[in-house]
Amino acid sequence: MTVVAYIVGVLVLAFGVAASIALHEVGHLTPAKRFGVRVTQYMVGFGPTVWSRTRGETEYGIKAIPLGGYIRMIGMFPPRAGEDPTKVRVSSTGRFSQLADEARKASLQEMRPGDENRVFYKLPVHRKVIIMLGGPFMNFVIGTVLLTVLVTAHGILALQDGARVASVAQCVKTAEQAQTDPNCAGAPDTPANAAGILPDDEIRTINGVAVKTSADVGRLVRPRVDQPTSIVVLRDGVEQTLTVTPILNTLPAYDDAGQPIVDADGKQKVVETGYLGISSAGVLDYETQPITAVPGIIGENLWRTAGAIVKIPQKMVGVWNAAFSGQERDVESPMSVVGVGRVAGDVSAGKLDSFVGESWSDKAWFLVMLIASLNFMLFIFNLIPLLPLDGGHVAGALWEGVKKSWAKLRGNPDPGHVDVAKALPVAYAVSLGLLVMSALLIYADLVNPINLGG
């Protein structure tokens, strides 16, 4: 059953990623067709074509490597000034010039009679921007819808009233006993163990006083040395009343700021206090949010995502060390789609119940959050103003708008279209960098994956 659950989690995530990629390309396709650009291909994935169908003038298909997608518009790059777009030639000198000319030729070779005004490069600047932002905007919409449903229907983790028992000491031992005997042979039970308190119990009240934070546990127990004390705990959804008798314990003294309290000789003071033998933590549970809280939550998510993307280059050093030197993987390091898939599988298989929750509902909603986060990442990442990312084409269109506006302001002739093809060496460098980074992340996620379970 665990293996089946793992596979289900991976498949759910894979479907979510594929749907997000497909809709991203729809975000480009719809305005492109609306503005009259001829779109010859709409593909999800890269590499060999697995399936395709032609509808109208566009071939729709799925390719073998599901790591992206694209639409193919004719005339993405303009011909050189004065050159016939149907007779683009390849320069014989200069490798970069050849790359640009080959890209121009490829983008114009599918032109048919009547397509002269259906090319992308002839569109007004604002229409170019709309088409290229359509994909990232679609990811933003997907992330927003999923996150809105998540926080309003299921909620987000928030501190609740009460304290959760993190651990229970089994026996009371002197410091000497603790060093010489790791077991509890001959040592008396701690008050908590004797009373039947268990890890994961939620402490609701102590001697009739409500417990709102883990700090309340120590505050309410300290004065009750040798006094039978009732404790109400929530266990498996049912409240139980236990009776515990704290014993005297001597602990180092600290002030309200958490600093040691020392005497005139500089020695730390001690305080005699009641002792149960437990460690406690705050209670985290899912709390639904009003619709008015959604914009702030989305803004925080976007800000956190942008910050994580900015830090990717420096964090890749840690990924390299984790992959090849066996160092512990930083839980905040970037992951490939393989790593995210492993997380989805682990969540479904119950390996991260302490992190996500035990119910199938909690697990399903976590997968929803994962897909929403991936879409916000795609939104931010594609806005980077470098080719081949959408932001690079947007930057080229905006630069064209600036040049045209400046020429018009000065009364100069129209400078024509910006030759984005000249930036292709940058595009190839970025593509190579992304390919190397993806390969490293996939390898690291296979040999030294992130451990979210602690």
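Helix 8 (residues 312-324) and helix 13 (residues 424-447) pack at about 45° with their axes 9 Å apart, where a helix is a DSSP run of H or I of at least four residues, a strand is a run of E of at least two, and both are numbered from the N terminus. The axes are lines fitted to C-alpha atoms, for helices over the stretch in contact, and the angles run from 0 to 180 degrees between N-to-C directions. Helix 8 and helix 13 are therefore oblique to each other, since angles under 35 degrees count as roughly parallel, over 145 as roughly antiparallel, 65 to 115 as roughly perpendicular and the rest as oblique. Their contact is made by I312, M316, V319, W320, A323 and F324 of helix 8 together with M437, L440, L441, Y443, A444 and V447 of helix 13, contact meaning heavy atoms within 4.5 Å. By class, this contact has 12 nonpolar residues, no polar ones and no charged ones, where Ala, Val, Leu, Ile, Met, Phe, Trp, Tyr, Cys and Pro count as nonpolar, Asp, Glu, Lys and Arg as charged, and the others, Gly among them, as polar.

The model is a predicted one, in which local features need pLDDT of at least 70 and side-chain atom pairs count only at pLDDT 80 or more, whereas totals for chains, interfaces and linings use all residues. Residues are numbered from 1 along each chain as its sequence is written, and side-chain values use heavy atoms, with hydrogens and water left out.

The protein chain as a whole has 13 helices and 10 strands. Of its 454 residues, 39% are buried, which is to say under 20% relative accessible area, with exposed meaning over 50% and partly exposed in between, for a 1.4 Å probe and protein chains only. Among contacts in the chain with a separation of 6 or more, 65% are between residues 24 or more positions apart.

Helix 1 (residues 2-34) has 33 residues and reaches 48 Å from its first C-alpha to its last, close to the 48 Å expected at 1.5 Å a residue; the expected span is 1.5 Å times one less than the number of residues. After helix 1 comes G36, whose phi is positive, near 90°. Helix 1 also packs with helix 11 (residues 360-381) at an angle of about 30°, their axes being 10 Å apart, and that makes helix 1 roughly parallel to helix 11. On the side of helix 1, the residues that meet helix 11 are A5, G9, V12, L13, G16, V17 and S20, and their counterparts in helix 11 are W360, L367, L370, I371, L374 and N375. The residues of this contact divide into 9 nonpolar, 4 polar and no charged.

A further pair is helix 3 (residues 125-154) and helix 7 (residues 294-310), whose axes come within 10 Å and cross at roughly 125°. That makes helix 3 oblique to helix 7. Here F140, T144, L147, T148, V151 and T152 of helix 3 make the contact with V294, I297, I298, N301 and L302 of helix 7, and by class there are 7 nonpolar, 4 polar and no charged residues.

Finally, D390 lies in helix 12 (residues 390-410) and, at 8% relative accessibility, counts as buried. Not counting residues up to four places away in sequence, D390 touches H24, H28, M132, P136 and N382. D390 and G135 are 255 residues apart in sequence, yet 7.9 Å apart in space from C-alpha to C-alpha.
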